[in-house]
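Subject: Structure handover: salt bridges

Hi,

Here is the structure for you to open. My notes on the charged side chains follow below it.

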Amino acid sequence: MGINAGDTAWIIVAAALVLFMTPGLAFFYGGMVRSKNVLGMLAQNYVTMGVVSVLWILFVYSIAFSGKGRFIGDLHQFGLAHISEPPTGLALTIPPIVFVSFQLMFAIITPALITGGVADRMKFISWILFAALWLVLVYAPIAHWVFSPSGWIAKRGVEDFAGGIVVEANSGISTLALVLVLGRRRGWPQERMRPHNLPLVLVGAGILWFGWFGFNAGSTLAANTLSAFAFINTNTAAATGLLGWLLVERYRDGKPTTLGAASGAIAGMVAITPACGFVSPVGSIFIGLIAGMLCAFAVNLKHKYKFDDALDVVAVHFVGGVIGMILLGFLGTRVINGKNGLFYGGGFHLLWVQVSSLIIASLYAFTVTLAIAYFLKKTIGLRVTDEQEYQGMDLTFHGETAYESPGGMGR
């Protein structure tokens, strides 16, 4: 199969859109923390872009995608050697280096998602080392299992179009493991730690919505009809996710909020990520709506079980990813792509593959993340001192403040 110029151009643009999501995520999270921690949040996301980019080129791409191993790749493409060779089993119409670039952007944003759970209290150097270790020990193996045609989960017939397991459930369950080791913020849950800048949250959510088109529609690795379905399904699920979250807030709290609107849109896009290339636009309506409503309720889990997931990564990304993977087992349709789910006469097989693959990958991610977190806690330490937490991440680690005003040091 030859190289197609149109496909190549589209995937280069899609890769840029996905990279843009990480600054969008930084703003989305940055607006939700207190003003004394906003630069700390942005810095964690930006340093993730740096660390992952270098490690990906050196060897992480190779262990994620090269070779024929069922559980992990090899070092055949260390330093992008032999880069003219596409991953085993993939018939690409784009140059392999473009595939490398596109997958890099997924590898960047996935650990960046975890920063929302550890907001306000994790040491900067500890985050850098955690991100590097997690990329190698958690992300790369799971990406190989699911995204590489030689991976054992891929061979089981799992359907995960753009990362319901690899990105969403993986980051969400890993966040839970890390916050359990890290501990709660000082004063939580007694003290209400409100977002300091909701307009910034909405700007970040808008960038994420925009970038998600590259994330999902780019995962076709071609400019074709399927990419158009992935595009419209992404937008539809974002819209119904937003509406579903607002309905829950109106019913539960009496008032729909702008933060809820942003969170609901994200929840809808999280849930449609594994399914966007396998369901109809009507199916995406239901996936987004259900995800928006259930993720809104799931936010209460951290209060019930007393784990301090500061910015609700578990509720949105793990729960949303689980919803998308499971509903695909019901709503998948061969008319679009892939296999028929339960509601289209496909029986229980796809649903079983989806659920069992999700459980196994999540258990692996949780266990290994827990081990990484304990290792760092016992060696260099994970969290700041009480005094540093009181002062805030911005001054403690970066010697800067986001706002040069009396409100700039707000708690």
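How many salt bridges does the structure hold? There are 8. A salt bridge here is a side-chain nitrogen of Lys or Arg within 4 Å of a carboxyl oxygen of Asp or Glu.

Before the details, two notes. This is a predicted model, where local features need pLDDT of at least 70, side-chain atom pairs count only at pLDDT 80 or more, and totals for chains, interfaces and linings use all residues. Residues are numbered from 1 along each chain as its sequence is written, and side-chain values use heavy atoms, with hydrogens and water left out.

Take Asp312 and Lys302. Their side chains meet in a salt bridge at 3.0 Å, N to O. Lys302 sits in helix H11 (301-305), and Asp312 in the loop between that helix and helix H12 (313-331), 10 residues apart. Helices are DSSP runs (H or I, at least four residues), numbered from the N terminus. Both residues are buried, meaning under 20% relative accessible area with a 1.4 Å probe, protein chains only.

Arg185 pairs with Asp120, with 3.8 Å between the closest N and O atoms. This pair links distant parts of the chain, 65 residues apart. Arg185 lies in the loop between helices H6 and H7, Asp120 in the loop between H3 and H4. Arg185 and Asp120 are both buried.

Arg252 and Asp253 also form a salt bridge, at 3.3 Å between the closest N and O atoms.

Best wishes

Conventions: Helix = DSSP H or I, 4+ residues; strand = E, 2+ residues; numbered from the N terminus. Buried < 20%, exposed > 50% of the residue type's maximum accessible area, 1.4 Å probe, protein only.
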